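Reader: I would like to learn how to read a model like this one, feature by feature. Please give the general idea each time, then the case at hand.

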Amino acid sequence: MGEEPTLQEEFERLFSVFQISTKSVLQEAIGYIPSKKRGRHADIGEFVGKKRKITENSLSLSNIKKHFPKGIPDELAHLRPELLDQVMPVFDHKTNVTWDAIAGLEEAKEKIKECIVWPMLHPHLFRGVLTPSKGFLFFGPPGTGKTLIAKAIANECKAKFFNITASDLTSKMHGDTEKLVTTLFEVARHLQPSIIFIDEIDALLSKRTATEADSPMLRMKSEFLTQLEGVSSKDDRVYFIGATNKPQNIDEAARRRMHNRLFIPLPDASARRMIIEQEILEDKECNQNLSKEDLKWVVGNTKGFSGADMALLCKEAAYKPVRQMQLLGKLDNIKARPEFDAITLEHFKEALKTRKSSVSESDLEDLKKWNRLFGTISSK
Ligand code: ADP
């Protein structure tokens, strides 16, 4: 057990972390010091007086401040503020994703509602044999809606959404990654219900290599596995979702802890159609002249496209009339978007000359194969 740091030590650390330059900013920082330590302002004043030059403009306290306006709660006081600041949940408009915004993926959506949404909303019912598994792996080609689904879950369950990529975790804090992992899970527990969504999870939990022995990476992995285990064994409403397009690279121990492994496939024809509708037809300001037959043509010629490829194709097609008008010198006279020439099938045909599927056949085959071996839902 390490001894509790003295106030002086704590401030030394705060200074180096927040790089505070003025006393007034320090006063603000005091608000983020655990309340039980706040009484000793005299010591702080003395320390500030002694402190010499401190550089400006480093880390801000903004994330902590947003979530804990009255200062860090005592239960999280043992965590380092600079790590805490990095793992705070993201609240942005993108978390307002609803199920309707996700085209297709019916089987995955049903499974997720059953395994995450119902237990999260009615924890008193999902006990005993119905106790949910809380570790999930979403795998599939890039741009198929894995992140969208995670956001929709958080939205539906009014859960805090912790969204961090594996490269964020491994690059941000050299040597401190394992503590960052602990901090992440502790904060998620404190703010539950929570969804922890980690993209590119294969980079974090890849198969162990001999050269890794006792490296920071290995310690981080071990801590991650311990935390994952904890998520499943406790009554907390904290769910973990890892996303990857390379599930075959994931360590076996990690795979076992993510009990539900859901294949998120490429959109089928009706999902591709729905994405075109969302992107173009439902955009009230978008001038388009696309018949049902035209849509059918586009859908039929985009087999193998991911959801993200479809969205980019629509954008490309929508830009075509804008570019044409610009070439003709008409752009400056446009007052509002509906005045643009209408998007037609010809624009889609043009766009398709440059926009192709970003998913290779062989990658898709590998994913399907992995799904047959380890997946929780079937693939077509
Ligand atoms: P990933 O599977 O890589 O996490 P995302 O969920 O981030 O993919 O999707 C990227 C973008 O692609 C979305 O913002 C959306 O525009 C589009 N998209 C992908 N899949 C779908 C889908 N099933 N329904 C609607 N849009 C989708």
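Author: Start with burial. A residue is buried if 20 or more other C-beta atoms lie within 10 Å of its own, exposed if 12 or fewer, and partly exposed in between, with C-beta atoms placed from the backbone. This is a predicted model, in which local features need pLDDT of at least 70, side-chain atom pairs count only at pLDDT 80 or more, and totals for chains, interfaces and linings use all residues. Residues are numbered from 1 along each chain as its sequence is written. Of the 380 residues of the chain, 36% count as buried.

Reader: Does Lys-158 count as buried or exposed?

Author: Lys-158 counts as exposed, because it has 9 C-beta neighbours inside 10 Å. Helices (H or I, at least four residues) and strands (E, at least two) are DSSP runs, numbered from the N terminus. In those terms, Lys-158 lies in the loop between helix 7 and strand 2 (160-165). The whole chain has 17 helices and 5 strands.

Reader: What should I look for in the backbone angles?

Author: Most residues other than glycine have a negative phi, and most peptide bonds are trans. Lys-158 has a positive phi, near 50°. Glu-200 also has a positive phi, about 55°, although it is not a glycine. Glu-200 sits in the loop between strand 3 and helix 10 (201-204) and is partly exposed, with 18 other C-beta atoms within 10 Å.

Reader: Which peptide bond is cis?

Author: The bond from Gln-192 to Pro-193 is cis, with omega near 5°. Pro-193 belongs to the loop between helix 9 (177-190) and strand 3 (194-199).

Reader: How do I read the ligand site, and which residues are closest to the ligand?

Author: A residue is near a molecule if its C-beta atom, placed from the backbone, lies within 6 Å of it. The ligand is surrounded by 18 residues, the closest being Gly-145, Lys-146, Thr-147, Gly-307 and Ala-308. Two or more shell residues come from each of helix 7 (146-157), helix 13 (269-281) and helix 15 (307-327). For composition, Ala, Val, Leu, Ile, Met, Phe, Trp, Tyr, Cys and Pro count as nonpolar, Asp, Glu, Lys and Arg as charged, and the others, Gly among them, as polar. The shell has 11 nonpolar, 6 polar and 1 charged.

Reader: Why does the ligand lie between two domains?

Author: Domain bounds come from an automatic or database domain assignment. Domain 2 (90-266) and domain 3 (269-358) both give residues to the shell, so the ligand lies between them.

Reader: Which residues touch the most other members of the largest nonpolar core?

Author: A nonpolar core is a set of buried Ala, Val, Leu, Ile, Met, Phe, Trp, Tyr and Cys residues joined through C-beta atoms within 7 Å. The largest core has 78 residues, and Leu-184 and Ile-195 touch the most other members. Helix 7 gives the largest share of this core, 7 residues. Two residues are in contact if their C-beta atoms, placed from the backbone, lie within 7 Å. Leaving out residues up to four places away in sequence, Leu-184 touches Val-87, Phe-162, Ile-164 and Ile-196.

Reader: In which sense do strand 1 and strand 5 pair?

Author: Two strands pair if DSSP finds at least two bridges between them. Strand 1 (residues 135-139) and strand 5 pair in the parallel sense over 4 bridges, and Phe-136 stands opposite Asn-260 in strand 5. From strand 5 (residues 260-263), Asn-260 and Leu-262 point one way and Arg-261 and Phe-263 the other way, and all are buried.
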